[in-house]
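Biologist: I would like to learn how to read a model like this one. Please take me through it feature by feature.

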Amino acid sequence: MKANKVVNKIDITGYEVKEDGTVISYKGLKPRVLRSCINGGGYLVVGISQGSKSKIVYVHKLVAQEFLDYTPTKGYHIDHIDRDKLNNHVNNLQILTEDEHWKKDNPNLSTGIRGVTPNTKGFKATIYYKG
């Protein structure tokens, strides 16, 4: 089995992430709550600076990293339990595998054929042999 590729965690030095997804910057003269925006996919994002570079990051990833000990890893997703992409409270987030997440988003998809099951890449066929 392949080892999952770990991606770098988001450096949030100088920022505080609250349980409800509020992000506070301590980089100026006084603390300020960062404004979030909704991106094209419907997720809340904020802009943070890391040295001389700025970066747009997903709020749900920051919350999961801080409170669910999430490390971005290939094959794992952060799921909004109530399916509301704007509800980034820690109690509404969970870590799922790609397959678990896909099955949750497609609960009624069934082939009706024994041994054929859907997965994230299409379908998987299992051949049974009695010998």
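Modeller: Start with burial. This is a predicted model, and 27% of the 131 residues of the protein chain count as buried. The chain's accessible surface comes to about 9,400 Å², with 51% of that belonging to carbon and sulfur atoms.

Biologist: How many helices and strands does the secondary structure of the protein chain come to?

Modeller: There are two helices and ten strands. Read from the N terminus, the elements run β-β-β-β-β-β-α-β-β-α-β-β. For contacts in the chain with a separation of 6 or more, residues 24 or more positions apart account for 37%.

Biologist: How should I read a sheet, and what is the strand order in the open sheet of three strands?

Modeller: The general idea is that strands of a sheet pair through backbone hydrogen bonds, in either a parallel or an antiparallel manner. Here the order is β4-β5-β6, and the pairing is antiparallel. β4 (37-38) and β6 are the edge strands, each pairing on one side only. Between β5 and β6 the antiparallel pairing extends over six bridges. Within this pairing, valine 45 stands opposite tyrosine 58 of β6. Helix α1 packs on the sheet, where it touches β5 and β6, and its direction makes about 85° with that of β6.

Biologist: Which residues of helix α1 are buried?

Modeller: In general, an α-helix has 3.6 residues a turn, so residues three or four places apart point the same way. In α1 (residues 59-67), the buried residues are Val59, His60, Leu62, Val63, Ala64 and Gln65. These buried residues pack against β1 (15-17), β2 (23-25), β5 (44-50), β6 (53-58), β7 (76-80) and β8 (93-97). After α1 comes aspartate 69, which has a positive phi, near 55°.

Biologist: Now a single residue. Where is histidine 101 found, and does it count as buried or exposed?

Modeller: Histidine 101 is found in helix α2, which spans residues 98-105. Buried means under 20% relative accessible area. Histidine 101 therefore counts as buried, because its relative accessibility is 13%.

Definitions and conventions:
Residues are numbered from 1 along each chain as its sequence is written. This is a predicted model: local features need pLDDT of at least 70, side-chain atom pairs count only at pLDDT 80 or more; totals for chains, interfaces and linings use all residues. Side-chain values use heavy atoms; hydrogens and water are left out. Helices (H or I, at least four residues) and strands (E, at least two) are DSSP runs, numbered from the N terminus. Buried means under 20% relative accessible area, exposed over 50%, partly exposed in between (1.4 Å probe, protein chains only). Contact means heavy atoms within 4.5 Å. Accessible areas come from the Shrake-Rupley method with a 1.4 Å probe; for residues, only the protein chains shown count as cover. Two strands pair if DSSP finds at least two bridges between them. Axes are lines fitted to C-alpha atoms, for helices over the stretch in contact, and angles run from 0 to 180 degrees between N-to-C directions.
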